[in-house]
Amino acid sequence: MESEDLTTTSIQVAKFWHSAYDELVRMEEQLLSQLEDMLPKLSRAARREAELTNLPMINEHLQTFKYRRAHWRERVESLDGQNSGRT
């Protein structure tokens, strides 16, 4: 995302991005679940198109957001560990 500094030294910024990606993961998971519930109700042609286009797109976004969320979780833990070691 724009303005996302993957190397930030601010734990507040890292927590912000972790939270943002956590929201995005939940949203994509909900969209995926809703789409999967709808697929059996679609015509064969519509279902095929959704399976070829919508499902892969949502899954790709979900994986990207999970990857970024994991980065920020690790960054928060790293920064928290650095702050714990200070006296």
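Trainee: Why is Glu-29 called partly exposed?

Mentor: Its relative accessibility is 36%. Buried means under 20% relative accessible area, exposed over 50%, and partly exposed in between, with a 1.4 Å probe and protein chains only. Glu-29 at 36% therefore counts as partly exposed. This is a predicted model, in which local features need pLDDT of at least 70, side-chain atom pairs count only at pLDDT 80 or more, and totals for chains, interfaces and linings use all residues. Residues are numbered from 1 along each chain as its sequence is written, and side-chain values use heavy atoms, with hydrogens and water left out.

Trainee: What makes Lys-66 and Glu-29 a salt bridge?

Mentor: The term requires a side-chain nitrogen of Lys or Arg within 4 Å of a carboxyl oxygen of Asp or Glu. The N to O distance between the side chains of Lys-66 and Glu-29 is 3.9 Å, so the pair qualifies. Lys-66 lies in helix α2 and Glu-29 in helix α1, so the bridge ties together parts that are 37 residues apart in sequence. Helices here are DSSP runs (H or I, at least four residues), numbered from the N terminus.

Trainee: Why is Lys-66 called partly exposed?

Mentor: Its relative accessible area is 29%, so Lys-66 falls in the partly exposed class.

Trainee: How many salt bridges does the structure hold?

Mentor: Four. One of them joins Glu-4 and Arg-68, at 2.9 Å from N to O. That pair links distant parts of the chain, with Glu-4 in the segment before α1 (11-38) and Arg-68 in helix α2 (residues 44-84), 64 residues apart.

Trainee: Why does Glu-4 count as buried?

Mentor: Glu-4 has a relative accessible area of 12%, and is therefore buried.

Trainee: What makes Glu-4 and Tyr-21 a polar contact?

Mentor: A polar contact is a pair of N or O atoms within 3.5 Å; within protein, one must be able to donate a hydrogen and the other to accept it, and residues adjacent in sequence count only if both atoms are side-chain atoms. The side chains of Glu-4 and Tyr-21 make such a contact at 2.8 Å.

Trainee: Where do Arg-26 and Asp-22 lie?

Mentor: Both are in helix α1, four residues apart, about one turn of the helix. Arg-26 is partly exposed, because its relative accessibility is 45%. Asp-22, with a relative accessible area of 22%, is partly exposed too.

Conventions
Helices (H or I, at least four residues) and strands (E, at least two) are DSSP runs, numbered from the N terminus.
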